[in-house]
Every structure is written in C-alpha cells, then in structure tokens.
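These are my notebook entries on a structure I looked up.

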Number of protein chains: 2
Amino acid sequence: MVKRKMVYLFEEGSAEMRNLLGGKGAGLAEMTRLGLPVPPGFTITTNVCNIFYRLDRKFPPGLRRRVHEALRTVEQKMGRAFDSDERPLLVSVRSGARVSMPGMMDTVLNLGLNDRTLAAVVRETGNARWAYDTYRRFVQMFGNVVMGVEHDEFEHILSEVKSRRGIVLDTELSEEELRDIVTKFKQKISEKTGKTFPEKPEQQLWEAISAVFESWNNRRAITYRKLNGIPEDWGTAVTVQSMVFGNMGDDCATGVAFTRNPSTGENRFYGEYLPNAQGEDVVAGIRTPQPINREAGKEGASLEERMPEVHGQLIAIKAQLESHYKDVQDIEFTIQNGKLYLLQTRSGKRTAGAAVRIAVDLVNEGLITKEEGMLSVNPSTLDQLLHPVFDEKAEKRRIGKGLPASPGAATGKVVFDAEQAVEMAGRGEKVILVRTETSAEDIHGMAAAQAILTATGGMTSHAAVVARGMGKTCVAGCSDIAIDYSAGHFRSSGGVTVSRGDYISVDGTEGIVYLGQIPTRRAEVTSYFKTFLDWADEIKRLGVRANADLPVDARVSRQFGATGVGLVRTEHMFFGADRLPHMRRMILSETTEDRKIALESLLPYQKSDFIGLMREMDGFPVTIRLLDPPLHEFLPKGEAEVRSLAHEMGIEPERVRARTEALRELNPMLGHRGCRLAVTYPEIYEMQCRAIFEAACELKKENRNPVPEVMIPLIAGKEELELLKKDVDRVAGEVFSAYGFSVHYLVGTMIELPRAALLADEIAEIAEFFSFGTNDLTQTTLGISRDDAGRFLPDYVGKSLLKYDPFQTIDEEGVGELVRIGIQRGKKVNKHLETGICGEHGGDPKSVEFFHNAGLDYVSCSPYRVPVARLAAAQAAIRGRVKKSGTDQD
Amino acid sequence: MVKRKMVYLFEEGSAEMRNLLGGKGAGLAEMTRLGLPVPPGFTITTNVCNIFYRLDRKFPPGLRRRVHEALRTVEQKMGRAFDSDERPLLVSVRSGARVSMPGMMDTVLNLGLNDRTLAAVVRETGNARWAYDTYRRFVQMFGNVVMGVEHDEFEHILSEVKSRRGIVLDTELSEEELRDIVTKFKQKISEKTGKTFPEKPEQQLWEAISAVFESWNNRRAITYRKLNGIPEDWGTAVTVQSMVFGNMGDDCATGVAFTRNPSTGENRFYGEYLPNAQGEDVVAGIRTPQPINREAGKEGASLEERMPEVHGQLIAIKAQLESHYKDVQDIEFTIQNGKLYLLQTRSGKRTAGAAVRIAVDLVNEGLITKEEGMLSVNPSTLDQLLHPVFDEKAEKRRIGKGLPASPGAATGKVVFDAEQAVEMAGRGEKVILVRTETSAEDIHGMAAAQAILTATGGMTSHAAVVARGMGKTCVAGCSDIAIDYSAGHFRSSGGVTVSRGDYISVDGTEGIVYLGQIPTRRAEVTSYFKTFLDWADEIKRLGVRANADLPVDARVSRQFGATGVGLVRTEHMFFGADRLPHMRRMILSETTEDRKIALESLLPYQKSDFIGLMREMDGFPVTIRLLDPPLHEFLPKGEAEVRSLAHEMGIEPERVRARTEALRELNPMLGHRGCRLAVTYPEIYEMQCRAIFEAACELKKENRNPVPEVMIPLIAGKEELELLKKDVDRVAGEVFSAYGFSVHYLVGTMIELPRAALLADEIAEIAEFFSFGTNDLTQTTLGISRDDAGRFLPDYVGKSLLKYDPFQTIDEEGVGELVRIGIQRGKKVNKHLETGICGEHGGDPKSVEFFHNAGLDYVSCSPYRVPVARLAAAQAAIRGRVKKSGTDQD
C-alpha cells in the first residue's frame with residue numbers, strides 16, 4: 001500500500017481533492033491557492049477516518065507528528081502559538097464529508113482556551129467580557145460535542161443566571177456572570193461525566209478530532225447516509241483552522257452570501273450578515289440578520305453602507321470565485337476588526353427557477369458551455385415550475401399532510417365515491433375524490449375529479465400512479481384524515497369534520513390539504529426556461545411526446561415542447577358523464593347487433609375527441625391506443641348504483657349483476673383486456689378506428705395535417721396483431737373511399753408483455769411502430785401488481801432488494817433487458833420501425849437516460865413532465881458522448 | 001414444374017408413397033409388390049386432388065388418358081372389360097388421405113353396373129338375386145355419394161317394400177323385389193336431383209372420382225382436419241380397384257383382422273368375418289360377425305374351422321406383413337368363391353396397454369429396436385393405464401357427462417363449498433366438491449376432496465389444472481348439472497336431485513358422473529409396462545421426478561419410476577382440517593410473537609409430513625417449496641364461516657373481516673406471495689426450514705438417506721434469494737448443531753418470473769438449483785391469468801392466434817425462450833447448477849421434448865404422469881439423436 005499523506009495544509013490542497021479533504025477542506029484549500037483571505041489551517045483526510053475505524057477508534061501511528069507539524073506552520077503564519085501564555089492560537093475543529101451533510105456532524109469552535117490562555121487573550125484584546133463569552137461558548141460546545149453532556153444542561157444554567165438577573169439576552173451578561181457560568185459549566189460536566197474538563201489545549205485538540213471522527217457514525221449521520229445513498233466508507237475529514245472572530249466589536253461581523261440570488265437566479269450578490277456576532281448567532285436566530293446589499297426601506301443597515309470597502313472586496317471575490325468555479329457559490333465569511341476572512345465556499349443550492357436562469361446566464365456570460373449548463377440543472381425539479389399553484393396571498397387553513405403524490409393545486413367539493421364524482425362532474429361541479437385508497441374500479445371517478453386525496457398508500461399506490469398518469473393533483477397516504485363512508489364525511493386529526501359537498505383544496509406539490517376553496521394560478525413559463533429547453537432540444541437525440549387524453553392536455557403538451565402525443569388512452573374518454581351510459585349499454589349488450597348500436601352512440605364523442613387532439617397536434621403524430629381495460633372497470637359495483645343503472649337502462653338489476661359477475665376476474669391485470677377484447681368483440685376497435693380515420697379526414701378537409709398512429713395494446717404475438725391490423729386497414733380503406741382521399745397513418749403495438757418483447761422480430765413484420773408499455777411490462781416481468789405492491793414494495797426498497805421502486809425508475813436489468821431485446825429484434829427485421837415508450841418511466845430522468853442509451857426513438861410522458869424529459873434526454877446525450885469519447889481514448 | 005405422374009398402378013407404387021397415394025393406395029401397392037393377393041387397381045394421386053381444386057373443380061388435362069391406360073391394364077389382368085356385355089369389370093372408387101380420416105370421405109362400390117352389364121353378370125354367375133342385390137347397392141351408394149340424395153330416401157323405399165312383404169332382413173328380398181327397388185331408387189334420384197341415373201360406366205366412373213375429390217372439402221372432413229391439425233393441401237387420393245365379392249355364396253366371406261389383439265396386445269391373429277357378405281354388412285351391424293379363430297363355446301363358427309386353408313393363408317400373411325411393416329397390421333379381406341383377397345392394410349390402432357405389450361414383444365422378437373419400440377407408443381395414452389377405475393361389474397347410473405379434466409375414478413359425498421369439504425374430510429368422510437366453477441379460494445376444499453366436479457369451465461379451467469396438479473379426479477364443465485347453492489343440492493338434466501351428503505361417483509378419465517357409490521379398483525402395472533419403461537430409462541437423458549405433497553403420493557411416484565420429488569407444495573399441507581385452524585391463527589396474529597406461537601403448533605405437522613415424504617423417497621431428492629400462495633387463500637370468505645372462525649379463535653368477527661379485507665388483493669397472482677411473504681414475515685419460512693431439517697435429521701438417525709432441497713418461490717432477483725438463503729442456512733446450522741450431525745441439502749429457487757430468467761446468471765451465484773415454474777412463468781410472460789383465461793383462450797386457440805393452450809403445452813417461442821435463457825445464463829455462472837421444471841408442462845410429451853432439447857436436467861410432474869414423462873423423455877432423446885446424426889451428415 002502506498003503511504004498516503006494524512007494531513008494537508010490548506011495551501012497543499014485543491015478543489016479536486018474533495019474526496020480526500022471533504023467539501024469544506026477542499027473549498028478552503030482552493031480559496032487559499034486563489035490567494036483569497038482564508039485563516040490558515042489544515043485538514044486531516046477522510047482516509048484517516050477510515051483507518052481510525054479500522055483501528056477500532058484509534059489514531060494511526062504518525063498522525064500526531066503530522067498534525068503537530070501542520071500546527072507549527074499555522075502558528076508561524078499567524079504569529080501565534082497554541083497553548084501559549086502570549087498571543088495564544090485558537091482553532092476551530094470541523095467535520096467535512098465529500099458531500100454536504102448539513103447539521104449531521106459536529107464542530108468545536110474557540111478550541112485552545114483554558115484559564116491560562118484566556119488570561120493571555122484578555123491581556124491581548126483588552127476585552128475581558130468578550131474573552132469570557134468566547135470561553136463560555138467553547139466550554140459549552142466542547143462539553144456537548146466532545147464530552148456528551150446534553151445541550152439543555154448548559155441552557156438550563158444560562159437561563160437560571162439570566163432569570164436571576166432578570167435579563168433576556170446573552171449579550172446582557174456581565175464578565176463576572178460569564179466567569180461564574182464557565183465554572184458552573186465545568187462543574188456540570190464533571191458531575192455528568194465523572195471527568196474533569198480538559199485544561200490542556202493539546203488534549204482538547206485530540207479529543208475534538210476524535211469526536212468529529214466519531215460523529216461520522218452517530219445515529220443521525222447514519223440515517224442521513226442511508227436516506228441519501230452515501231457509502232459508509234467515504235468517511236469525514238477534519239479541518240483545523242485558526243479562529244477569527246466576528247464578535248470583537250462593531251468593526252466585526254459574520255455572514256453568509258450567495259454569488260447570485262438562489263431563489264430567482266438574478267445575477268446579484270445576495271446575502272445576510274450580523275454585525276458583532278459569531279456564526280452560531282446567525283443560526284440561533286435570536287437576532288435578525290441584515291442584508292449585505294443596500295435595500296430600499298432598510299437604509300443604513302446593509303454591509304454595503306456600513307463597510308463599503310469590505311463589500312467591494314466581496315463583490316470582487318464573487319467574480320473571482322464564479323469564474324474559477326464556473327458556478328454560483330455559497331460562501332461564509334467573518335470580518336474581524338475590519339478585515340475580511342472567508343471560511344467556506346461551496347456550490348450554492350438554488351430553486352429550480354434559479355437553476356435554469358443561472359445556467360442560461362452563465363452560458364451567455366461565456367463561463368460555461370451549453371452542455372455544462374444542461375448538466376447543472378436537476379431535471380426532476382423542473383415540473384414544480386409548471387403546475388398550477390395556490391395564490392400565495394390567499395388565507396389557508398391546513399387540515400392535513402400526506403405524500404406529494406402528483407403535483408399541482410386544485411379545489412373542489414368532496415365526494416367519497418367514483419359514481420358520485422362522475423355524477424357531480426356531469427353537472428359541471430368541480431369535485432375532489434376522497435378515498436381510503438383507490439383501485440381500478442375508481443378510475444372513472446378519478447378521471448372526473450379535479451384531484452384525488454387518499455388516507456393510505458404511498459408514492460406508487462394506485463391513486464398516485466394513476467393521478468400522475470392523468471396529470472391530476474393527488475395527495476396520497478394522508479393519515480391525518482379518517483373517512484367514514486357511511487356517514488359521508490371525514491374527520492381530520494385536528495378535529496375538523498368535512499362532509500360530502502364541502503370544499504377542500506389539495507396541494508399535490510407539497511402534499512398538503514386545506515379546508516375551503518383557494519384560488520389557483522397558472523405558473524408562468526419564463527423566457528429563461530424557454531431558452532434553456534430550446535438548448536436541450538438542440539442537444540438531445542430522443543424525441544419527447546406527451547401522454548394526453550384530451551385536447552387541453554395536448555395543448556399544454558405543445559406549450560411544454562412535446563412533439564407529438566405518444567399515448568391517448570381512449571378509455572378515459574369513456575368515463576365522461578355523457579359517455580359512460582353508452583359504454584355501459586355496450587357492455588350490457590347481449591348480441592353483437594345491440595353492441596354495435598351502443599357503439600354507434602359513442603362514435604361521435606370519440607371522433608370529436610380525436611379531431612380536437614389531432615388539431616392541437618397539427619403536423620405531429622398522435623398515437624391512439626385502442627380500448628385497453630377490462631370491461632368490468634366500466635360497471636358500477638355498489639348495489640345502489642347497480643339498481644340505478646338498471647333503471648336507467650330499463651333492464652332488470654339482476655341482468656346488471658349477472659353481467660358484472662360474469663365479467664368478474666381474479667387477476668384483471670392478466671385478464672380479458674387489451675387486444676383480447678377485440679379478438680372477442682371486433683366491433684369495438686372497428687368503431688374506434690372509424691372515429692380515428694373520420695377525424696383525420698375531417699381535419700385534412702380543413703387543410704390540416706393529422707398524423708394518426710393506431711396503437712393496439714397487449715399484443716402477445718404476431719398472429720393477434722396480424723388479425724387486428726387487417727380490420728384497422730379495412731376500416732381505413734372504407735373511410736378513405738367514402739371521403740375520396742386518404743390520410744397517412746401507422747398501425748403499431750404496445751410492447752408490454754415479456755412475450756411480445758421476446759418475439760419482437762416476428763411482431764415487427766406487422767407493426768409499423770412499437771411503444772413499450774413499461775408499466776405493464778414491469779408488472780409482468782417482476783410479477784408485481786402495482787395495485788397490490790404497497791404491502792411489500794416499501795420493504796423491498798428499504799432492504800435494498802430492489803435499487804429503486806421499479807414503477808418510478810425502470811428496472812434496467814430486468815424490464816430494461818426486455819426493452820433492449822425488443823428494440824434490437826424489432827429493428828433487425830424492420831429498419832423503419834419507430835420505437836417509443838409511454839409508461840410512467842417516460843418522465844423519470846434516470847429512466848430517460850436508460851431509454852436514450854437503449855436506442856429508443858422517443859419517450860412519452862404526462863404533459864407536465866415533458867420539460868423534465870427534454871432536459872433528461874439532453875443530459876443523457878451529453879453523458880453518452882462523454883462516455884463514448886472516453887471509450888475512444890482507451 | 002416437373003410433370004408428375006398422375007396415376008399409379010398398384011404395382012408401380014409402394015408404402016413410401018403414402019403422401020402421394022394416400023394410406024389406402026400405398027398399402028394396396030405395397031401388398032401388391034409383396035406378391036399378396038390384391039385385386040388389381042390403380043390410384044390417382046393426392047396431387048391431382050390439389051390441381052382439381054386449383055382448376056376450380058375440373059380434371060387436369062391428360063388425366064382421362066392416364067386413367068384409361070391404367071384401366072386397360074386392370075382389364076387385362078382380370079380378363080374382364082369395363083362396360084362390357086361379357087365378363088364386365090366392376091370397380092370400387094375410394095378415397096384415401098395421407099392419414100386415416102375414418103368415415104370422413106366417400107366410397108362407391110360395384111361401379112360399372114347398368115341394365116346391360118347386369119345382364120352379363122347374371123349370365124356369368126347364374127345368380128340373378130345376388131346380381132340385383134349388387135346393383136341395388138350400387139345405385140343406392142352412387143345416388144347418395146355422387147348425386148347427393150339423402151340416405152334416408154333409399155332406406156324408406158327399402159322399408160316400404162319389406163313391410164309390404166312382412167319381412168325384416170334385406171336377405172329375404174327376392175330377385176323380383178330387388179329389381180323393383182332398383183327402379184324405384186332410380187325414380188327417386190330423378191325426382192330429387194332432376195337428373196337421370198347415369199347408365200354409362202364411363203360417366204359413372206368420372207362422376208365418382210369427382211365426388212371423392214369433392215368429399216375432401218365436405219363439412220365433416222373440414223372439421224376433422226381442423227380438429228386434428230391436418231393441412232388442407234394434403235388432399236385425398238382416389239383408388240380404383242376391381243371388385244371382388246364376399247357375398248356370392250357360402251364359399252364367400254368378408255372380414256377384418258388385426259395381426260395381434262388390439263385390446264391386449266396378445267400375439268395372436270385376431271378378427272371377425274361374415275360369411276356370404278359384403279363389407280358394408282359388417283358395418284351395418286345387422287348380422288353378428290363370427291370369430292376368425294376357433295373359440296371355446298362357439299365351435300364351428302370360426303373361419304379357422306369353416307375355411308382352414310384360407311385361415312392358414314391369413315396366418316402366413318400376418319407373419320409376412322408384420323415382418324415387412326415391423327408393426328401390427330389392421331387388414332380387410334374378402335373371400336370370393338374360396339379365394340382370399342386383401343383389400344387394405346394399415347397400422348393397427350390399439351389400446352395403450354396393447355401398444356406397450358406389442359412394442360415389448362416386437363423388440364423381443366427382433367423385429368424392431370428398442371428405440372423403434374419407444375416411438376411406437378403415444379406417451380399421452382399411458383396415464384389411462386394407471387389411474388383407479390370403477391369396478392366394471394358394478395351397476396352404474398349415469399347422471400351427467402362433462403370434460404375428462406383429470407383422470408381417475410372416485411366416490412364420495414357431495415359438498416358444495418370448500419369449508420364443508422374441509423370439515424367433513426376432517427371427520428374422515430370422503431367428499432366430492434361440486435361447484436359451478438372453482439377459484440383460488442377453493443383450493444383447501446379441493447385438497448380435502450376425493451374429486452372435483454364443476455358445471456362450467458374447460459380443460460384448462462382452474463378446477464382442471466389444480467386437480468391435475470393434485471392428482472385428484474376431476475370432471476369439469478359438466479353442463480348436465482345445475483347447482484343451487486342456497487338449496488344445497490344440484491339437479492341433473494335427467495331430473496335427478498342430488499343433495500349435500502348424497503353419494504356420487506366421478507370418472508375423470510371419461511368425464512362421466514354417476515349417482516351413488518361405486519367401488520373402485522387400482523389399475524395393475526404389468527410386467528410389459530415395467531420392461532417398456534425400464535427401456536425408456538435406459539434411453540432417456542432427462543430425469544423424471546414427481547410433484548407430491550403427501551407420503552402416499554411419493555410412494556405412488558416411486559412405483560411409477562420417479563427418481564425424486566420435484567415439488568412439494570407445502571401449502572397443501574396447511575389445508576388439512578387439523579392444520580387449517582393453526583394456519584388461520586397465524587395469519588390473524590397481530591404480532592410476530594403471536595405468529596411464532598401459531599407457527600410452533602404447525603411445526604410438528606410439517607415435520608411429520610416431511611419425514612413421511614423423505615422416507616418414501618429414501619436416497620432420492622425431495623424438493624420442498626416453501627409457502628407460496630397469498631395468505632388470504634387460507635381465510636374463509638362467507639359471512640357464516642367468518643363468524644364460526646371468529647368463534648373458534650375467540651376473537652371478534654370484525655377482526656377476521658378486517659384482516660381479510662386488509663389482505664384482499666386486486667391481482668393476487670402478482671401480489672404478496674411467495675418469497676415476498678418471507679421478506680415480510682421471516683418466521684414462516686424459518687418454521688418450515690426447521691421442520692425440514694429436523695425431519696432430515698430424524699431420518700438420518702434411522703440410517704436413512706434423506707436428500708432435502710429447499711426451494712424458495714417467486715424470486716425476482718439475486719438480493720431476495722441471498723437474504724432468504726441466509727436464514728435457511730442459519731436454521732440448518734442450528735438444527736444440525738442440536739442433533740450433533742448434519743445432512744447434505746441444497747437451497748435453490750423457482751424461476752417463474754421473466755425477470756428471474758433474465759437475471760439467472762446473478763441468481764445462480766446464490767442458487768444451487770433452478771426449478772422452472774412454467775405455470776406462473778406462462779401467466780407472466782403472456783400476461784394471462786390462468787383463472788380468467790377461460791373467456792378468451794379458447795378463441796385464441798380456435799383462431800390459431802396461439803398454436804396450443806399454453807397452460808397445457810409450453811409456449812416454446814415465448815416462455816420457452818425464457819427457459820432457454822435461464823438455463824444458459826444460470827449454467828454459465830454455476831456449472832453444478834441443477835435445473836428442472838415443475839409446472840403442469842412436466843407431464844406433457846411435447847413440452848418434455850422441448851425441455852430435453854433445452855438441456856434441463858429433469859422434469860417433475862404429477863405422479864400419474866411420471867410414466868408419460870419417462871416415455872416422452874426417451875422419445876425426445878431418440879429424436880434428438882436422429883436429428884443430431886442428421887445434422888452431422890450435412
């Protein structure tokens with residue numbers, strides 16, 4: 001094993017050494033190299049942390065010598081000495097992992113103080129009160145972090161002294177009282193730990209270093225690592241830095257700043273500071289920080305006004321850091337007696353909107369390339385920019401919190417079942433469907449509702465998945481509500497009773513439920529957003545289409561940059577209040593003739609839907625999936641609904657029940673659905689095809705350019721598709737000859753069964769396109785019913801039996817393998833085969849990258865995910881190129 | 001196109017030309033070449049039939065000339081002439097396809113007669129009555145077959161004449177009357193068809209040939225071809241042969257014979273004949289045929305006694321034909337005036353038992369090789385030899401007929417639901433579960449019953465499949481019964497009411513339901529059967545194990561030659577009346593502790609089951625699948641059962657209902673089952689493993705050799721198996737250290753999800769064996785729920801969208817591809833990986849051949865299918881060798 005350096009002075013490190021020095025250590029080293037004013041110090045590597053644990057929490061041989069050498073160098077630079085009676089050196093000891101783990105690990109400030117060095121500090125500064133306050137802070141922090149005494153114990157002593165004196169603020173404490181408090185703190189520590197507070201700075205230092213290493217394995221750090229997928233063996237570095245003080249008087253201050261506005265992205269230095277304060281005071285939140293820049297209405301408070309020179313220095317440093325790091329920086333600084341010191345720099349966290357604007361600006365400023373700009377924004381954050389939001393100014397009464405299952409904001413009247421939802425929506429009312437959980441039997445109600453609220457279920461529960469698919473707002477698993485269906489109300493954990501017909505508002509982006517109506521407003525698409533995604537389009541190879549069932553969805557999709565509709569779920573059209581009765585009549589038909597009559601009534605609806613969709617998508621393909629779900633999904637389940645339907649249809653309830661019973665399935669997911677319906681009842685697809693082709697012809701008469709793609713679901717083999725395609729082509733021929741002209745169209749299939757993927761070569765002899773239905777393909781390949789997975793899938797992800805929820809992120813090894821096989825075998829036989837994917841995964845960035853690499857032609861996702869997919873596709877293309885050029889060099 | 005010969009004289013053809021000459025033509029040709037006494041004739045090829053249809057039912061040019069040439073040759077051989085006033089030649093015109101299609105197509109005898117030639121025949125034979133009878137037969141047959149007049153029309157005339165005369169038999173008709181009848185027949189033909197009966201033999205001949213070709217496309221032939229998978233373009237040949245007559249006097253006869261006994265296989269010439277009769281008289285069944293061999297009690301009637309010379313000739317021909325064809329022959333012969341003529345020879349159809357005996361005998365006689373012997377028996381027929389049958393002598397009252405869904409014979413009391421079945425079986429009663437249809441919720445009832453009878457559903461309905469899996473007798477889809485659950489009885493279509501508790505008997509081999517108790521008897525395994533299957537074992541490569549849940553199943557399996565148990569479904573054990581309460585208590589447990597207590601009560605049962613199974617299989621592997629079905633399958637569904645269970649358990653019914661509701665799944669097939677149960681409740685598998693290893697240790701103490709294989713179901717990836725295998729190994733370690741010794745065992749997995757097949761390489765790093773669960777793999781790969789497939793699968797097979805029912809015969813292209821991938825990837829990583837299959841397909845011969853070719857190590861099937869699988873495996877090995885040596889030569 002190569003002997004690795006264990007300790008790096010700041011001037012020996014660099015930004016590239018983040019893995020070894022941690023984020024903080026690397027940032028300080030880099031700033032030191034840039035010549036910025038950084039208090040001298042050094043970093044003990046993450047590697048030492050690993051060795052420390054390997055040696056059963058002992059320091060490796062040689063470490064002490066290295067640390068002493070580094071400390072000597074710091075002493076020389078500072079003209080101070082550790083543990084000295086004259087100009088003693090005080091240091092901070094901080095943790096720093098490869099990635100930021102905010103608040104997870106420990107820090108000790110002002111280390112090196114004891115009664116003796118304190119006297120020297122008092123002598124040197126002439127500020128005894130400050131010195132004792134510094135001592136008090138040190139003992140408190142060390143006692144807590146290193147010696148393990150609860151924070152409350154110290155606060156209790158502080159409060160006692162203050163209340164005895166009748167004061168509120170720490171700053172009002174006198175030198176005398178602070179001295180008394182230090183003594184009491186030390187007594188408390190002895191009492192609680194049985195140990196004396198260490199007076200020797202040397203001992204303080206090593207115990208602090210040890211404590212920082214140990215904090216890598218405290219419970220909250222372990223939990224955080226698990227949640228964020230941070231490997232245990234990354235370890236933490238320890239940075240030891242000479243102290244500077246922002247609390248020595250009015251020419252002192254401490255602050256944090258962003259080189260650009262992290263909320264809006266505006267290119268203006270942005271931050272807050274506290275005069276005469278130490279960093280922890282900012283965090284404590286007792287005093288209100290002041291702005292760095294001059295602000296109207298707050299004249300005189302800003303750093304710009306108070307310390308214009310230092311402010312000018314910071315502005316210069318902003319430019320230097322940004323051009324060096326090519327990114328927005330988040331810095332911490334301290335001003336000691338008018339002199340600026342930088343204590344940290346790191347990439348600044350920002351909102352999605354800011355990220356987009358910053359990326360565009362940095363590209364325009366020539367600091368980064370478009371590709372770098374693309375990679376700087378997390379695609380998943382984009383859709384929060386697009387969904388409707390509640391008016392910020394409206395008053396809101398929050399009554400529950402659940403999971404943010406499908407983003408957006410919606411208001412409506414509470415209904416408790418699907419039939420009610422359909423009925424009230426039919427009367428033009430806006431409703432919110434509230435259920436303990438939803439199932440396939442609720443789909444028509446979900447389609448009719450503005451939003452869905454469930455009391456149980458997770459992010460991939462039926463409600464969540466279907467709502468996202470429909471682009472409906474949804475809060476799932478809201479355990480704050482208890483539904484009593486029979487009473488027709490729910491009660492919130494706060495004791496509010498909400499009855500059927502009462503208004504509630506649901507925020508699916510945040511997962512919050514409010515009482516009453518709240519006005520919503522549409523999010524605006526900025527020009528930065530547009531520019532940014534136009535660049536994404538320049539770079540990406542994958543096409544991005546939208547899943548859209550209604551013309552309005554298609555319009556939104558176009559605005560978000562979709563170049564086609566990749567999935568029209570025609571069944572959702574049948575759930576409309578005006579259509580459902582015809583659909584049910586069709587299902588209850590006992591002869592083909594009756595069925596055809598009912599279908600005839602549905603045809604005008606379908607046709608007008610298709611006209612609307614293809615008009616919005618003029619010139620772009622619209623992929624229409626023929627009827628897919630099992631027929632029983634359209635029938636009512638409750639006894640009352642059965643009776644009412646029977647009454648409406650003028651038939652015996654017994655007949656409705658008998659038909660429902662006859663259609664009942666044990667595993668509807670694997671049942672009589674998809675193209676299997678058409679094998680049994682060819683007249684259903686025939687009607688749908690007639691509607692599609694008539695719609696296309698009508699549009700062509702208007703001189704528009706409709707591009708219909710007829711998609712047949714659940715194909716398991718070539719023979720089915722061959723049989724059904726014949727019918728499609730026959731109907732097309734009939735319609736075209738009636739109109740006297742024809743429209744170009746494609747006939748293709750979903751690849752959503754493992755068998756279809758395996759037999760893709762045969763199927764591609766017939767199909768003109770493939771659309772991978774990765775939702776169903778995931779269900780069949782893994783043998784997991786999405787509707788039932790809630791009972792065990794969380795366990796599976798929790799125990800790492802699956803890397804991700806396979807319904808959110810594609811299972812690359814299993815389902816992905818079938819997608820690869822499908823593409824490869826399909827394209828081998830049919831070079832012109834168009835391939836896409838229209839499952840939930842089309843809007844998931846990690847999955848989009850997979851689809852790019854697998855060679856698909858396009859992805860299709862819900863309208864609001866279109867920008868996400870566009871960016872993810874661009875990132876995939878960039879990473880693909882990098883990987884490729886990397887390979888080429890090998 | 002090469003000009004092909006259209007007409008072959010018998011002496012120009014051979015047995016190899018069956019495709020061109022049809023079975024009949026080829027047989028006559030071959031016998032002619034062998035020098036056997038065959039009346040001369042010729043055959044028009046099947047190829048001409050195809051051309052006939054291509055030319056829109058016209059004869060190809062040149063055919064007439066060829067036929068005339070051939071006819072001239074026949075005339076010369078016979079010393080007769082067609083359409084001659086002196087010694088006229090009469091011929092038969094018969095159809096003959098490549099394979100026998102009994103009764104499907106048409107035949108005309110005695111062709112060439114008219115008033116003029118008839119006079120010549122009368123002159124020649126001096127037997128006017130016979131001549132008129134022959135003429136009458138000809139006109140009737142020609143009128144029916146060629147001219148399309150209904151058979152009844154002729155029978156009507158005949159009856160009229162007979163009743164006028166007051167006679168019963170045709171043979172009592174006088175010459176005069178026959179002449180009169182001929183005239184009436186001709187009048188009727190004119191009346192019905194508007195055409196005159198053709199007097200010219202030439203015209204008769206061509207019309208008859210045309211009619212035979214047309215009969216290839218009559219409705220019954222088309223149906224038969226569809227049912228038997230016979231391609232349309234095979235066509236039929238037409239054989240024209242000079243007539244010989246068995247009805248010219250007492251030195252004449254006609255008969256059929258098998259060269260060995262087709263029922264028993266005994267090596268003795270076997271057949272029947274009618275003196276002074278024509279072939280059709282045998283078929284008509286008016287006269288009782290007499291035995292060919294002398295029989296005790298029927299002295300004087302046999303051919304052996306009546307015509308010893310001819311009998312001797314036949315015995316010689318038997319030897320000649322068998323040694324030539326190397327198979328048992330089914331021959332037709334006619335004796336005209338003491339001279340023997342052979343009219344047909346073909347491979348003799350035989351019972352399964354006879355087929356086995358004949359194969360063994362022919363091998364021992366040196367006529368065929370063992371391999372040829374293997375190939376001579378259809379594996380599917382074997383299991384009919386093994387199941388119990390009803391005592392033949394018992395009186396039986398049949399009350400219904402359904403599908404022979406699972407073979408065997410059983411008697412028991414009628415019950416109408418699963419709970420009743422379990423309860424009564426618990427009291428030691430034999431019950432038969434009668435349901436409209438069954439579902440997963442009935443499994444415990446099916447397990448408790450002797451047999452299952454359903455009113456609806458097909459050969460792959462839930463009842464059928466599960467019953468076959470369990471080796472239970474089952475009649476499915478018996479539409480003769482109408483069940484009234486609430487009244488607690490069913491009514492048969494014949495009006496019999498059978499109430500709960502009444503005895504019925506069910507014959508699953510024939511699909512028949514009888515009223516009352518009928519004694520059954522065990523089928524005997526003959527020494528021929530044993531020898532035959534021992535030879536199969538010498539030849540086959542695949543191992544054959546049995547699916548067995550009980551020691552008695554294991555014992556039967558060993559008797560049938562299974563070398564191991566490939567699948568123990570442990571859940572079936574839990575359905576026992578004594579175990580189910582504990583199982584339910586376990587499921588209703590609210591804490592892990594309660595669950596463990598309930599599991600403890602189950603442990604002794606499991607352990608004793610495993611001891612029994614491994615004792616029966618001493619020295620052979622027993623593959624035990626840990627709990628697989630979703631827990632809700634074990635809970636009662638009806639309200640009354642819920643109450644009674646709650647009462648038993650001493651808990652509120654509400655709790656039972658709530659738990660049942662919580663466990664309810666939309667798609668249980670894809671739900672919380674298999675190893676997913678163990679991920680959530682590890683204690684279940686832990687108990688089962690403890691039972692397995694303790695059982696193994698107990699047996700080892702008895703100096704036996706248990707070979708347990710622990711099988712974990714529904715694995716989707718390596719991680720699951722890794723997690724669960726750790727637990728298995730831990731429990732094994734604990735048990736072995738308690739006993740102080742260890743037992744060799746394997747841990748493996750089912751491959752029953754597409755993902756598992758695709759990731760077989762990773763899984764094989766952990767698994768020591770794979771067992772392909774082709775039932776579930778078929779469900780997931782095709783996305784078809786077996787329980788729900790009844791609605792569309794018959795359509796799919798009917799419309800040729802699928803070649804076979806994929807639950808009966810493996811879908812080679814889809815599911816089979818995954819099996820191939822699984823084996824290949826698994827063995828690549830783990831050379832010692834043992835691979836088998838334990839789905840329904842393990843007992844299907846066509847699937848077994850696939851598994852052989854795919855390289856599996858063994859198949860496992862229900863005990864009664866073990867002999868089927870052994871033979872199928874041998875046949876696969878033989879075919880594989882032939883194919884391979886064929887390839888080698890290329």
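**Helix pair H5(A) and H7(A)**

I first listed the residues that meet in this predicted model. From H5(A) I noted A:Ala128, A:Arg129, A:Tyr132, A:Asp133, A:Tyr135, A:Arg136, A:Val139, A:Gln140 and A:Gly143, which meet A:Glu175, A:Leu178, A:Arg179, A:Ile181, A:Val182, A:Phe185, A:Lys186 and A:Ile189 of H7(A). Sorted by class, this contact of H5(A) with H7(A) has 9 nonpolar, 6 charged and 2 polar residues.

I then looked up the geometry. H5 spans residues 128-145 of chain A and H7 residues 175-193 of chain A; their axes come within 9 Å and cross at roughly 20 degrees. Angles under 35 degrees count as roughly parallel, so H5(A) is roughly parallel to H7(A). The crossing of H5(A) past H7(A) is left-handed.

**Contact between chains A and B**

I recorded 51 residues from chain A and 51 residues from chain B in the contact. The two chains bury about 4400 Å² between them, and 55% of that area is on carbon and sulfur atoms. I found a count of 8 salt bridges between chain B and chain A. I also noted the salt bridge of A:Arg791 with B:Glu665, whose closest N and O atoms are 3.6 Å apart.

**Salt bridges overall**

My search of the whole structure gave 147 salt bridges over all chains. I looked up A:Lys413 with A:Glu429, a salt bridge whose closest N and O atoms are 2.6 Å apart. A:Lys413 lies in strand E16 and A:Glu429 in the loop between helix H15 and strand E17 of chain A, so this pair ties together parts that are 16 residues apart in sequence.

Key
Residues numbered from 1 in each chain as written. Chains lettered and ligands numbered in written order. Predicted model: local features only at pLDDT ≥ 70, side-chain atom pairs only at ≥ 80, totals over all residues. Heavy atoms only, no water. Axes fitted to C-alpha atoms, helices over the stretch in contact; angles between N-to-C directions. Helix = DSSP H or I, 4+ residues; strand = E, 2+ residues; numbered from the N terminus. Parallel < 35°, antiparallel > 145°, perpendicular 65-115°, else oblique. Left-handed = near helix turned anticlockwise from the far one by under 90°. Contact = heavy atoms within 4.5 Å. Nonpolar A, V, L, I, M, F, W, Y, C, P; charged D, E, K, R; others polar. Buried area = accessible area lost by both parts, 1.4 Å probe. Salt bridge = Lys/Arg side-chain N within 4 Å of Asp/Glu carboxyl O.
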